[in-house]
Amino acid sequence: MVNTKIIDGKAIAERIRNEIRDEMDRLPASIKPLKLVAVQAGDDSASSIYTRQQEKLCEKNGIMYELKKFGPDISAERLAGEIEKLNLDDGVTAVILQMPLPAGMDPLALQSAINPLKDAEGVHPANMGRVIYGKPCLAPCTVLAVMEIIYSTGVALEGREVVVVGHSGIVGKPAALLLLDRLATVTVCHVGTSMAGMLESHVRRADILVVAAGKAGLVPGDWVKEGAVVVDVGINRQGDRIVGDVGFETASKRAAYITPVPGGVGPVTTAMLLKNVVEAAKWKIKV
Ligand code: NDP
């Protein structure tokens, strides 16, 4: 049996927040105070919980926060207009567009309305495009969290077999690209891999396994290679419990490092949102 280390996402997040506060102290007064504005259309309860978390997090870390809330009947044109006002407002450092949007609105079209240099979540197509060139300006927070977690283990990526399960535009694909840039050998698995009955064989050879499918138990723990690093991005509700995509109990006896769910990727992702706000502030003086 391997001596497994359960990765403490909360401790990593705490370290990042401390680094961010130090970095903010060093920023020139001309770009302070930093301010994050969240734009919410409609009344989704999960989205409202998230905005309250953002507000608390910003308050605790010296970042101003404002929620601009609109009714579910706002038109896409007007919402884009409101985003444009924030783009032009010098007092706004970064903008986050809350999901889900009211039915019928195209998330990508509205995310594209955010100035890429104020794109707190790193979801603007221009930012996604820069990931391809290995020069992210503001990258998606979850993917930054995955990378930070892997770095925290000290395990080198160069030449290692990395398997990413899930190829969504927001997690799997950009994660695969950033991992490629660290010279890992990256395999990306998805529904087609499962349909071909090949998921298990790919997972079994992963030195570093990143799972972001949103399917509880998709990766049984006994598929995990002994000594692997396992980053479980998945969030699944099972009764009153939240679980990941990997069978944690067995996997945690085989992996060298593994993230728990909850308490793994989630807290690091929210810390990365703050980091992106600071990065956005720095872009203000770079361009
Ligand atoms: P999506 O639903 O957009 O993507 C899921 C991906 O998993 C798709 O690429 C899909 O493939 C793949 N997939 C689904 N079923 C299977 C299967 N049976 N075998 C192989 N691949 C499969 O989700 P996201 O990428 O947005 O999020 C993934 C998970 O991560 C969710 O649980 C989400 O809640 C969580 N999450 C967690 C965050 C955190 O901070 N911890 C932040 C963001 C997301 P295909 O497209 O081919 O169907």
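At what angle do the axes of H6 and helix H7 cross, and within what distance do they come?

**Entry 1: ground rules.** I am working on a predicted model, in which local features need pLDDT of at least 70 and side-chain atom pairs count only at pLDDT 80 or more, while totals for chains, interfaces and linings use all residues. I number residues from 1 along each chain as its sequence is written, and side-chain values use heavy atoms, with hydrogens and water left out.

**Entry 2: H6 and H7.** I looked up the opening pair and found that the axes of H6 and helix H7 (residues 172-181) come within 9 Å and cross at roughly 40 degrees. Here axes are lines fitted to C-alpha atoms, for helices over the stretch in contact, with angles running from 0 to 180 degrees between N-to-C directions, and helices are DSSP runs of H or I with at least four residues, numbered from the N terminus. H6 and H7 are therefore oblique to each other, given that angles under 35 degrees count as roughly parallel, over 145 as roughly antiparallel, 65 to 115 as roughly perpendicular and the rest as oblique. Their crossing is right-handed, meaning that the near helix is turned clockwise from the far one by less than a right angle. In the contact (heavy atoms within 4.5 Å), Val143, Met147 and Ile150 of H6 meet Pro174, Ala175, Leu178 and Leu179 of H7. By class I note seven nonpolar, no polar and no charged residues, where Ala, Val, Leu, Ile, Met, Phe, Trp, Tyr, Cys and Pro are nonpolar, Asp, Glu, Lys and Arg charged, and the others, Gly among them, polar.

**Entry 3: H6 and H11.** I then took helix H6 (residues 141-153) with helix H11 (residues 265-286), whose axes come within 8 Å and cross at roughly 115 degrees. That makes H6 roughly perpendicular to H11. The contact includes Leu144, Glu148 and Ile149 of H6, and Val268, Met272 and Asn276 of H11; its residues divide into eight nonpolar, three polar and one charged.

**Entry 4: H2 and H11.** Helix H2 (residues 45-60) packs with H11 at about 60 degrees, the axes being 11 Å apart, and the two are therefore oblique to each other. I find Tyr50, Gln54, Leu57 and Cys58 of H2 in contact with Thr270, Leu273 and Leu274 of H11, a set with five nonpolar, two polar and no charged residues.

**Entry 5: a ring.** Lastly, I noted that lysine 286 lies over the face of tryptophan 283, at 4.3 Å from the ring centre, the criterion being NZ of Lys or CZ of Arg within 6 Å of the ring centre and within 35 degrees of the ring normal.
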